[in-house]
Amino acid sequence: MIKRYNRYHLVVIGDYNDNDAHGIVQDNLYYWFDQQDLSILGFDRVDVKPFNTMETGYMLARRALNPLSPSARQVFFVNTAPRMDDFKARATNQGEGFVEATLKNGKRIYGVDSGFALSFIKPQIQSLYKLNVPDSAEDIPMLAEALGREGGGNIGAGQFRSGYIYPIVAAMALAGFDNPISPKFSALYGDAVDPAALPDIPDDVIVFRDGYGNFKTSIRPDALAQQVGEFAVISSQGAEIIAHVRAGIFDVPLHHFSFAPGSTILAYADGTRRQFTEVVLRGGHAARAFARTIGGRSVSPVEGDAISWRLATSSDFDRLGYGADGKPPQDVLAAATRS
């Protein structure tokens with residue numbers, strides 16, 4: 001029996017990165033949910049880096065595939081929209097499409113189909129639909145009415161799609177309506193999308209940098225299985241480190257790098273699993289070891305940046321100044337260990 005809900009735990013994942021934008025999104029979601037007799041039991045704000053769909057996709061999957069989260073009561077509103085699908089100038093809100101994804105565990109995602117935002121949940125998608133959204137907020141009568149602008153015209157929504165347009169769409173779709181929000185369309189729901197058309201998680205990239213500076217990467221653990229006990233040279237942003245290849249990330253001495261399968265595993269309904277290999281500096285901040293200076297500022301790699309590895313040779317230890325036991329040189333430790 002399918003459960004029907006009207007009270008939801010709402011998770012907002014977006015690259016707004018300021019309280020003004022987040023505040024407007026939150027207020028407007030509450031307003032339009034209330035208009036559809038939907039209640040928000042909890043509101044969870046998740047910030048991701050600007051325009052970074054890789055981090056967005058990873059964070060969405062971590063939450064949406066968590067079997068201990070509140071089942072189909074958990075709904076996701078996702079917006080990381082670099083609008084890079086067309087490089088030409090855009091006068092209004094044109095850009096990546098807004099979609100509804102229903103997962104095999106019953107959860108629903110309302111979000112921008114941008115970059116890798118949906119790649120990590122791709123195997124779990126049961127259905128995927130485009131939602132009909134006009135390019136201009138002026139073409140939404142109910143929004144003009146709510147903002148007190150009879151007849152529309154300069155209603156003050158600007159080009160902030162996720163603040164003023166998407167909350168209406170998400171609330172109506174979640175409430176089960178298919179009425180169009182604009183006279184430009186005949187229905188709220190558009191064409192079905194084949195999930196197979198979504199991009200896969202790319203190989204050999206950083207998918208998440210955690211608060212300790214560890215890198216979770218899309219390098220597959222089975223590539224390391226026969227190399228446990230060896231040393232690897234790992235490269236990103238032109239920087240290189242030497243790490244112990246291990247079965248567990250902490251199975252190295254203090255202030256040594258490890259390269260091992262991490263604890264994050266995405267489990268899908270079809271029985272497949274995706275685990276991520278991690279680069280860790282035990283007792284330190286691995287990301288700082290790969291930093292480069294840009295404009296006088298130290299910049300570490302971020303989600304989506306390439307990362308590669310190969311087995312280390314004896315000349316690599318000499319060239320990079322590592323001890324035979326894998327101990328990093330002092331300059332690396334000075335930059336990467338926590339004070």
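This is a predicted model: local features need pLDDT of at least 70, side-chain atom pairs count only at pLDDT 80 or more; totals for chains, interfaces and linings use all residues.
Contact here means that heavy atoms lie within 4.5 Å of one another.

**Asp-15.** In the loop between strand E1 (7-14) and helix H1 (19-35) sits Asp-15, which touches Val-48, Lys-49, Pro-50, Phe-51, Asn-79, Thr-80 and Ala-81 when residues up to four places away in sequence are not counted. Although Asp-15 is buried, it has no salt bridge; the nearest side chain of opposite charge belongs to Arg-161, at a distance of 8.8 Å.

**Tyr-5.** The segment before E1 holds Tyr-5, which counts as buried because its relative accessible area of 18% falls under the 20% cut-off. Once neighbours within four places in sequence are left aside, Tyr-5 is in contact with Ser-71, Ala-72 and Arg-73.

**Arg-45.** Strand E2 (residues 39-47) contains Arg-45, a partly exposed residue with a relative accessible area of 35%. Not counting residues up to four places away in sequence, Arg-45 touches Val-12, Asp-18, Asn-19 and His-22. Its side chain makes a polar contact of 2.9 Å with the side chain of Asn-19, and a polar contact of 3.4 Å joins the side chains of Arg-45 and His-22.

The table lists C-alpha separations for two pairs of residues.

| Pair | Separation along the chain | C-alpha separation |
|---|---|---|
| Tyr-5 and Ala-175 | 170 residues | 9.1 Å |
| Arg-45 and Met-172 | 127 residues | 21 Å |

Key:
Residues are numbered from 1 along each chain as its sequence is written. Side-chain values use heavy atoms; hydrogens and water are left out. Helices (H or I, at least four residues) and strands (E, at least two) are DSSP runs, numbered from the N terminus. Buried means under 20% relative accessible area, exposed over 50%, partly exposed in between (1.4 Å probe, protein chains only). Lys and Arg count as positive and Asp and Glu as negative; His and the chain ends are not counted. A salt bridge is a side-chain nitrogen of Lys or Arg within 4 Å of a carboxyl oxygen of Asp or Glu. A polar contact is a pair of N or O atoms within 3.5 Å; within protein, one must be able to donate a hydrogen and the other to accept it, and residues adjacent in sequence count only if both atoms are side-chain atoms.
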